[in-house]
Amino acid sequence: MNTQDTAVVHVKWLVDGLAQDVPGIRQVVLVSSDGLLLASAGGSDSGGERLGAIVSGLVSLAQGAARVMDLGEVRQEIVTMAEGHVVAMSISDGSCLGVHASGTGDLAVIAYQMTAFVRRAGHVLTPALRAELHRSHEPGATPGR
């Protein structure tokens, strides 16, 4: 297994861990800056694509609003609904981390764990790794890659 493969497995492991280990999280997605799904855990595959599109749109909208209002860098976006939440965070390379959480989930814990994820994985999300993650998520890709 080469370094690139190891990084892909590591990032997917982090995404899976976030989905499995944080109470209240229903689904996690990692999305490239152009909206392509790089990794997901929890929920269904089609749900990952939908959540990825929602997260990408939320991040883009928030960044546009911050520019127009001259408010500086966007840290996170939280949309709270009657039955749950969508939380999104930008990663320094332009990709996004998004979470669909239940209404009973503790947003402080979820946001903390997402921030920890960004700190652990953000520096390894190079363009080459993002391309490999996207390829590994396509239909017919080798499982675990």
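Which residue is the bridge partner of Val31 in β2? The answer is Leu37, and this pair is a handy way into the fold.

## What you are looking at

This is a predicted model, where local features need pLDDT of at least 70 and side-chain atom pairs count only at pLDDT 80 or more, while totals for chains, interfaces and linings use all residues. Residues are numbered from 1 along each chain as its sequence is written, and side-chain values use heavy atoms, with hydrogens and water left out.

The protein has four helices and five strands. Both kinds of element are DSSP runs numbered from the N terminus: helices are H or I with at least four residues, and strands are E with at least two.

Strands of a sheet pair through backbone hydrogen bonds, either parallel or antiparallel. Here, five strands make an open sheet with antiparallel pairing, in the order β2-β1-β5-β4-β3. The edges belong to β2 (37–41) and β3 (77–81), each with a single partner strand, so one side of each has no neighbour in the sheet. On average, neighbouring strands are turned by 10° against each other, direction ignored. That angle is taken between axes, which are lines fitted to C-alpha atoms (for helices, over the stretch in contact), and angles run from 0 to 180 degrees between N-to-C directions.

Two strands count as paired if DSSP finds at least two bridges between them. Back at our opening pair, β1 and β2 are antiparallel and share four bridges. Their hairpin has five residues between the strands, and Gly35 takes a positive phi near 90° there. On to the next pairing: β1 is joined to β5 by six bridges, again antiparallel, with Ile25 opposite Ala101 in β5.

β3 and β4 form a hairpin with two residues between them. Five bridges join β3 to β4 (residues 84–90), and the two run antiparallel. Along this pairing, Met81 stands opposite Gly84, and Ile78 has Val87 as its bridge partner in β4.

β4 also pairs with β5, in the antiparallel sense, over seven bridges. His85 has Ala101 as its bridge partner in β5. The hairpin of β4 and β5 has five residues between the strands, and its Gly94 takes a positive phi near 100°.

## A look at Ser102

Ser102 sits in strand β5. Is Ser102 buried or exposed? Ser102 counts as buried because its relative accessibility is 10%; buried means under 20% relative accessible area, exposed over 50%, and partly exposed in between (1.4 Å probe, protein chains only).

The side chain of Ser102 makes a polar contact with the side chain of Thr104, at 3.1 Å. A polar contact is a pair of N or O atoms within 3.5 Å; within protein, one must be able to donate a hydrogen and the other to accept it, and residues adjacent in sequence count only if both atoms are side-chain atoms. Leaving out residues up to four places away in sequence, Ser102 touches Gly24, Arg26, Glu83, Gly84 and His85. Contact here means heavy atoms within 4.5 Å.

## Helix, cover and cores

Helix α3 (residues 107–121) lies across β1 (25–31), β3, β4 and β5 (96–102), running at about 25° to β4. β4 is mostly covered, with six of its seven residues buried, and β1 is mostly covered too, with six of its seven residues buried. Of the protein's 145 residues, 44% count as buried.

The largest nonpolar core has 29 residues, and those with the most contacts inside it are Leu18, Leu30 and Phe117. A nonpolar core is a set of buried Ala, Val, Leu, Ile, Met, Phe, Trp, Tyr and Cys residues joined through side-chain atoms within 4.5 Å. The elements giving two or more residues to this core are α1 (3–21), β1, β2, β4, β5, α3 and α4 (127–137), and α1 supplies the largest share, seven residues. Leu30 touches residues including Val11, Val15, Leu37, Phe117 and Leu133, not counting residues up to four places away in sequence. Apart from this core lies another of nine residues, and among them are Val31, Val55, Val86 and Cys96.
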